[in-house]
Amino acid sequence: MKICIRLDDITDGMDWTKFLRFKELMDRYGVKPLIGVVPECRDEKLAIDAPREDFWAYVRALSDDGWTIAMHGRYHVYTTRKGGLFPLNTQSEFAGIPYPEQERMIREGRAVLESRGISTDIFMAPAHSYDRNTVRALLSNGFTKMTDGFGTAPYTDGQMTWYPISFKKSASLAAKDGITTFVVHCNTLDEKNFEEYEKIFREQEMMPYSEYLKIPPVKRGAAGRAREWLMASAKRWMVKLR
């Protein structure tokens, strides 16, 4: 199976030591990830280092170097206890909020990125949580792609295209066919994680996320989305019971 990498929680005050160490590892193996940039971070848990003053210029440089950018929510602040359409978690910045408010948040988030010279049509929901109003608000603001869902190929449901993440890392590494995405939070990486990913980068076929976006999507209907919802719910409980 071909593996893509996505990095969540990219902010000016993230753990820069861990991020730069992971970047050096990716650079060594030619890995070009998707990064989720928070337009205006208000999540105190993500305020780890002093804000980097050249943050937006640095993000633009990463884009120029072949990295792909997604908008990662609006403020990255959880305001509801909803799992939404993909309930890996029961907290959300978007799910359960009325459409007009979601539309405003997404419109403002996109405006912030564009004011910094960054344009994207990919959305990364904080905590993987979104609902039908989120999808509707995204489409109304020019977003046509989301990084979430389970599967081995991109899929469409209506006008939105999803680029799935891995349900279980060990199963993805053992599989021969298909494509998936491993989700990485640099802020929480430990030594074991760095060793694990170096082994993955060395032994697996890594795909630049920009190439993943070129793969023709398959169609997925209501039955497929219902199965995905059940898988996400099951995984949430599996993690909770560990």
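The legends below describe close-up views of a predicted model. Local features need pLDDT of at least 70 and side-chain atom pairs count only at pLDDT 80 or more, while totals for chains, interfaces and linings use all residues. Residues are numbered from 1 along each chain as its sequence is written, and side-chain values use heavy atoms, with hydrogens and water left out.

**View A. T134 in helix α4.** T134 is part of helix α4, which covers residues 132–140; helices (H or I, at least four residues) and strands (E, at least two) are DSSP runs, numbered from the N terminus. T134 has a relative accessible area of 0%, so it is buried. Buried means under 20% relative accessible area, exposed over 50%, and partly exposed in between (1.4 Å probe, protein chains only). The side chains of T134 and Q102 form a polar contact of 2.6 Å. Such a contact is a pair of N or O atoms within 3.5 Å; within protein, one must be able to donate a hydrogen and the other to accept it, and residues adjacent in sequence count only if both atoms are side-chain atoms.

**View B. Helices α3 and α4.** Helix α3 spans residues 99–115, and its axis comes within 9 Å of that of α4, crossing at roughly 45°. Axes are lines fitted to C-alpha atoms, for helices over the stretch in contact, and angles run from 0 to 180 degrees between N-to-C directions. The two helices α3 and α4 are therefore oblique to each other. Angles under 35 degrees count as roughly parallel, over 145 as roughly antiparallel, 65 to 115 as roughly perpendicular, and the rest as oblique. Contact (heavy atoms within 4.5 Å) is made by residues including Q102 and I106 of α3 and T134 and A137 of α4.

**View C. Helices α1 and α2.** The axes of α1 (residues 16–29) and α2 (residues 55–64) come within 15 Å and cross at roughly 15°. Helices α1 and α2 are therefore roughly parallel to each other. W16, F19, L20 and K23 of α1 meet F55, Y58 and L62 of α2.

**View D. R52 in a loop.** R52 lies in the loop between β2 (34–37) and α2. R52 counts as partly exposed because its relative accessibility is 26%. Between R52 and W16 there are 8.8 Å in space, C-alpha to C-alpha, and the two are 36 residues apart in sequence. Leaving aside neighbours within four places in sequence, R52 is in contact with D12, W16 and Y58.
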